[in-house]
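We will go from stop to stop, picking residues as we go.

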Amino acid sequence: MHPTTQLLQEARDKVTFPTQELTKLIYGNEETYETFMKAQKVIASEPSIKNHPDYHNWGRKEQIIKSYEKLRIMHQHLNLANASHWAPMLSLFQGTTPSAVSFGMTVPALRFLGTDEQFNLWGPKFLTMEIVAAYAQTEIGHGSDVQNLETTATYDSQTDDFVLHTPSVSAVKFWPGELGFLSNYALVYAKLIFNGKNKGVHPFMVQIRDNSTHKPLKGVVVGDIGPKLGYSTKDNGFLAFENYRIPLNSLLARYVRIENGQFSRHGNEKISYASMMVSRQLIIFIYPRMAAQSLTVAIRYSITRQQFTNDKREENSVLEYQTQQDKLLPRLATCYGMIFSGLRIMELVDDNFHRVLKKDFSTLQQTHAILSALKAWSSQWVVDTAEWCRLSCGGHGYAHYSGIPAIYFDTAPNVTLEGENQVMYLQVARYLLKVLQYVEKNPEKVPFYFNFVLHIKETLANQSTDFGQLLKLTLTLQLISVAKKIKDNMSTGKSFQQIWNEVVGVQLLSVAQRYAEYFTYLVFQEYISNANPSVKEVLQQLCDLYSLQVILDNPNTLIESGRITVEQFKLFNETKIELLGKLKPQALGLVEAFNFSDNALRTCIGCHDGKPYEYIYEWATKENSVNIKGVPQAVNDLMGTKIKARL
Ligand SMILES: Cc1cc2nc3c(=O)[nH]c(=O)nc-3n(C[C@H](O)[C@H](O)[C@H](O)COP(=O)(O)OP(=O)(O)OC[C@H]3O[C@@H](n4cnc5c(N)ncnc54)[C@H](O)[C@@H]3O)c2cc1C
């Protein structure tokens, strides 16, 4: 057997739990798992869409064209209208998946905000891709602050339609994905002007390109914004309107309507963020799986990579080093927590979705808060994890052939899109403070995943050093502290907004993040109690390592409160080292439970059979097109020039 294949095989033999039991937990249900495996198989077996070793030498245009071809072929094999079919694909392709915005953002918005008639009118056309529609909210001048968007949709009572207009450069729609080339429609967010009055920002379904030529319609200026940090195949675009007339029915009218020349509102205004829930839930569901890809590569490589010798004069796998374990294993533990949170959140969002359709808004705000917290926390964590995995692979991690840099690039935008993370955290903090206020007057209103606020006295009195208890204590202390600071400052005459923006901002972000960590702990524990007995032990070790790392990363609150002594912290560090030792032999099984194919990992250094050096060398000598064409002539031209350099 090849020596590095042998190293991986020996590591596999040491795994003591049945990996397939974890696979079942990771994918949540049989259908998602089967679809994921099918997508991997189709992509690997279709030569025209198989991940290509030379991909990162291609130009952006070639990459975009290839991404459309991939989508066309995947349509023949999977039902891409079904999120559980296309969502797993996002982590398997080189480049982003075209139509993900249309299916993942615009269709849910249409479902939530359009009437049934509007959904029936446009919905079926999305399924056949007769309509692909960008989600056009952000403008050059405003993103997070949606209420201050400048695009106007002015109702014309003479013609009973709207005039859509971009009044300034800062009002040009900028950034929407799939707008640059792909979309023939856009869901445009614009200020509705009715009888000269601003009725707030609302969504309008607008045709922007011709059905047969795909050219922009008269009055529409549209195109691609250009290259970015990664995300090269996504045609993020710009869009401007020059007094462009759109029919009355363009306004999504489930909650606001113009009928017989009268404007009216129906239901809950907060519904506008319900449509974002679907895409945020997908961010939480999908992208930790890309972190799992980077961890698979890094852990396999760390087993096959040998540097320096041990006492027996044998070379050490770098995973034998405690410092390498410290880079990777706490992240692997967190990855499991995030995967479980993602699955639980799918259930919460689904439940909320069905309620909202029946005009029951009782779970809307709590679902929004949980989603915002986890979207912000997980998206930053995924990018950081890709970076740590890259670093853990030394020089080879830096090359695209490791598969890791692309994961970094393609997950980095999630920190900003779908709600900038800090802005999300601030919304979570606002909700936490609101829930705290329920405690005295309306304790029955406190939702299940926030019920720590009902046990504040017990939490403060509890002397346990149980990790879950300490996470709850940290969250509770931070929430009480920030609530008190706001109250104290109010008595000095400052306005609430001033205190929020200038006095407690950093504390608010912190408490919101503590909530995300605590929620993940709660869900982790739920999954452990329902898991097959054969994997309970390893899951508990992961959960312990996860919680411990969170505590060690942010010890200040516990130290300041005097609840944890320096001695206890020393002990925590010892416990962590013990856990690293226990989880090291399980690490390969823990990443291989995700079942990523070599093609999906797009790696030379983290393949199932090892052999990193052979694959790296093969790629450099046979696949790297820069070696094959083009550059040598330019070198000749350069060397032939008599450059007059001054010595
Ligand atoms: C790759 C990519 C794809 C995108 N796709 C789409 C799309 O399909 N459709 C679409 O409509 N848009 C899209 N966007 C735009 C995206 O939604 C916005 O960029 C995002 O909402 C952030 O808004 P912003 O750019 O205005 O950032 P800003 O809000 O200007 O943020 C700048 C800084 O200000 C801080 N800040 C802002 N407000 C506050 C506050 N109240 N308190 C404290 N700090 C604050 C932020 O934390 C940040 O540090 C995309 C963006 C990217 C990068």
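Is valine 446 buried or exposed? Select valine 446 and you will see a buried residue, because its relative accessibility is 10% and the cut-off for buried is under 20%. Keep in mind throughout the tour that this is a predicted model.

**Stop 1: around valine 446**

Valine 446 sits in the loop that joins H13 to H14. For a sense of scale, draw a distance from the C-alpha of valine 446 to that of serine 212; the two are 54 Å apart in space and 234 residues apart in sequence.

**Stop 2: along helix H13**

Next, select residues 421-441, which make up helix H13. Its end C-alpha atoms are 32 Å apart, which agrees with the 30 Å that its 21 residues should span at 1.5 Å a residue.

Colour the buried residues of H13: Asn421, Met424, Tyr425, Val428, Ala429, Tyr431, Leu432, Leu433, Val435, Leu436 and Tyr438. As you look down the helix, recall that an α-helix has 3.6 residues a turn, so residues three or four places apart point the same way. What do the buried residues of H13 pack against? Their partners are helices H8 (274-304), H10 (364-392), H14 (456-461), H15 (467-490), H16 (496-503) and H17 (505-530).

Zoom in on the start of H13. Here a side-chain oxygen of glutamate 420 comes to within 3.0 Å of the backbone nitrogen of glutamine 422.

**Stop 3: the ligand**

Glutamate 420 takes us on to the ligand, as Glu420 is among the residues that come nearest to it, together with Tyr135, Gln137, Thr138 and Ser144. The whole shell holds 18 residues, made up of 8 nonpolar, 8 polar and 2 charged. Helix H13 gives the most to this shell, with 3 residues.

Show the backbone atoms here and look for these pairs:

- A nitrogen atom of the ligand lies 2.7 Å from a backbone N or O atom of tyrosine 135.
- A polar backbone atom of glutamine 137 is 2.9 Å from an oxygen atom of the ligand.
- A polar backbone atom of glycine 143 is 3.0 Å from an oxygen atom of the ligand.

**Stop 4: asparagine 414**

Go back to the loop between helix H12 (404-411) and H13, and pick asparagine 414. With a relative accessibility of 2%, asparagine 414 counts as buried. Beyond its neighbours within four places in sequence, asparagine 414 is in contact with Tyr231, Ile283, Tyr287, Lys375, Ser379 and Asn421. You have already coloured Asn421, as one of the buried residues of H13.

**Stop 5: two loops with a positive phi**

Select serine 99, in the loop between helix H5 (83-86) and helix H6 (100-113). Serine 99 has a positive phi of about 85 degrees although it is not a glycine, and at 4% relative accessibility it counts as buried.

Then jump to asparagine 260, between strand E10 (256-259) and strand E11 (262-265). Asparagine 260 is not a glycine, yet it has a positive phi of about 50 degrees. At 80% relative accessibility, asparagine 260 counts as exposed.

**Stop 6: phenylalanine 238**

In strand E8 (residues 237-241), pick phenylalanine 238. It counts as partly exposed, with a relative accessibility of 26%. Setting aside neighbours within four places in sequence, its contacts include Val172, Phe174, Leu179, Val221 and Ile225.

**Stop 7: valine 15**

Finish in the loop between helix H1 (3-14) and helix H2 (19-27), where you will find valine 15. Valine 15 is buried, with a relative accessible area of 16%. Which residues does valine 15 contact, leaving aside its neighbours within four places in sequence? They are Pro585, Gln586 and Gly589. Last, draw the distance from valine 15 to leucine 583: the C-alpha atoms are separated by 9.6 Å, with the two residues 568 residues apart along the chain.

Definitions and conventions
Residues numbered from 1 in each chain as written. Predicted model: local features only at pLDDT ≥ 70, side-chain atom pairs only at ≥ 80, totals over all residues. Heavy atoms only, no water. Near = heavy atom within 4 Å. Polar contact = N/O pair within 3.5 Å; in protein donor to acceptor, adjacent residues only side chain to side chain. Helix = DSSP H or I, 4+ residues; strand = E, 2+ residues; numbered from the N terminus. Nonpolar A, V, L, I, M, F, W, Y, C, P; charged D, E, K, R; others polar. Expected span 1.5 Å × (residues − 1). Buried < 20%, exposed > 50% of the residue type's maximum accessible area, 1.4 Å probe, protein only. Contact = heavy atoms within 4.5 Å.
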